[in-house]
Amino acid sequence: MAGRLGDVNGFVKRAGQKIVNGAGHEILLRGVGFGSWLLPEGYMWKFPEAGDRPRRIEKMVRELIGEEKATSFWEIYYDTYIAEADIRRIAEEGFNSVRFPINWRFLMAEGTEQYNEKHLALLDRAIGWCREHKLYVVLDLHGAPGGQTGANIDDSENDKPELFLNDDYRKLAIDIWRMLAERYKDEWIVAGYDLLNEPLPDWNAQYNDRLMPLYKEMAAAIREVDERHMIIIEGAHWATDWSVFDEVIDDNLMLQFHKYWNSPDTASIQKFLDKREELNLPIYMGEGGENNIEWYTGAFRLYEDHNISWNFWTWKKLSTTNSPCSVMMPEGWDKLVAYLNGGEKPSAEEAEQILWAYLDNLALDRCVYHPEVVRSLLFRTPIRIPAIFYGYYGEGISYGVGERTVRKLGFRDEDGTDIRFTDSERETAHFQHGGGQSWEPQDWLHVRLAPGDWLVYELYLPEGTELEHVVTVRAKAIEGEAVAVIRVNNHLAGICAFTGTEWQETTAIERVTLASGRCRVTIKAEGGPLAVEWVRLECN
């Protein structure tokens, strides 16, 4: 689990369906992405469509403060958005990896076919920090020459996937990977090369037959100079269409999918699990997040239980509650938004003041930090886990029911547990909370347990930790009397008694001691049927 000592040790490589480190130990990558650092994304700046991608944000900055100061702005931006303090904090929290989303234009000297050595030095510096603080690095070509997606996320100029339409762009993309592989061939802290981010959404699917041939060319160019690093390839349509994967193109290969805004259950990733079996390759949830902390506790539990490496999107963005770091919005930011929407142009002096205030606010110690986001990803206390997010190992391990229930909620239907809406006439589950909004009353689900039924929730405490915890359960006794029996690692730890048929938040009188490492907390219904909505564990 996260924070395990010795995970980050030597070159990462594929071993069948798993990945191992340089010591030959099986590991999972557990990390965060650096969205908006080397490819600024407009939604992370709270900008409208006119500022939805790097080239449009750059145009705004130039128009407001002029070419010379704009150049200075971007150099400071790249230099400070991710600093050593960020890397140190990520490692201290217990993550073991980071993903660097790179725009090809960041790598090139403006207006030339030469590489930007100053920017490559920034990349070297960040990789050096990761080596020092023990975080594996995934290099991700997020915006390829011409655009591999044809949308704002790849900095497309014409909203077309011109990487697949223009031979010059294709050759340059291959050359970029050859250059990066040559530069980092001996750098063990680099875990692998993520060749293209989210290529070819379904409205550009007519080019899907060009994707695997390009991957093969990129892999061949990399192998000309680098035989050791893992190659990572993503499916089409936001990395979710794996029908394009029909062969193993390299011995040291990993397949990547992304997951947002849908049910965190096994059925939702079954096609990826099936492909893992078919091709005997490791798989990676390389980008997922942009939801609320309740969803995180379910989705990232899902990846862990299915032995899938993962990377959370994203570490830092402007004025947010659902990333670990929230950059404070400078006074006057609304004037930049208004300008992009066709409104009044701020003066150069005012725009410079706003933009430089933003740069000042990028430093980690100036951000608002949200530890609850990190805890939800790494299953650390204090934490509140919705009851529906019991483990994903299956019946007899993560849950037990005496009588299976048949329901069609579009969430965990295959489990046979009795999941129902708490206060809603809805018939299907709803997990689309992209802005991090808390669940509304009508969104909440609960699990009904007959006497003898049980659910397991897994937590992780960092090494050297042993703490007393208070357990609180929100539940109701369906027939007026019921008890939730709490066990930790199969040892009786306390009870929560429920009387009456109303929802109650009941705290166990006994304190529960959790030791370092993996902890299995079991909630079992006794004395009567029990409806459970959430479980909360807090340090005493």
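Guide: Helices are DSSP runs of H or I with at least four residues, strands runs of E with at least two, numbered from the N terminus. This is a predicted model, where local features need pLDDT of at least 70, side-chain atom pairs count only at 80 or more, and totals for chains, interfaces and linings use all residues. Residues are numbered from 1 along each chain as its sequence is written, and side-chain values use heavy atoms, without hydrogens and water.

Visitor: What makes N116 a cap of α5?

Guide: A side-chain oxygen of N116 lies 3.1 Å from the backbone nitrogen of K118, at the N-terminal end. A polar contact is a pair of N or O atoms within 3.5 Å, one able to donate a hydrogen and the other to accept it; neighbours in sequence count only if both atoms are side-chain atoms. Just after α5, K134 takes a positive phi of about 65°.

Visitor: Which residues of α5 are called buried?

Guide: Among them are L120, L123, W129 and H133. Buried means under 20% relative accessible area (1.4 Å probe, protein chains only).

Visitor: Why are β12 and β14 called edge strands?

Guide: The open sheet runs β12-β13-β14, with mixed pairing. β12 (316-318) and β14 (368-369) each have a single partner strand, so one side of each is left without a neighbour in the sheet.

Visitor: What makes β13 and β14 a pair?

Guide: Pairing takes at least two DSSP bridges. Two bridges join β13 (residues 325-327) to β14, and they run antiparallel. C325 stands opposite Y369 in β14.

Visitor: What makes a residue part of the pocket's lining?

Guide: An atom of the residue lies within 4 Å of a point. The largest pocket has 24 lining residues; among the closest to its centre are R105 and E110. Helix α2 gives the most, with six residues.

Key
Buried means under 20% relative accessible area, exposed over 50%, partly exposed in between (1.4 Å probe, protein chains only). On a 1 Å grid over the protein atoms alone, a cavity is a set of points where a 1.4 Å probe fits but cannot get out, and a pocket is an open set with protein on both sides within 12 Å along at least five of seven lines; lining residues have an atom within 4 Å of a point.
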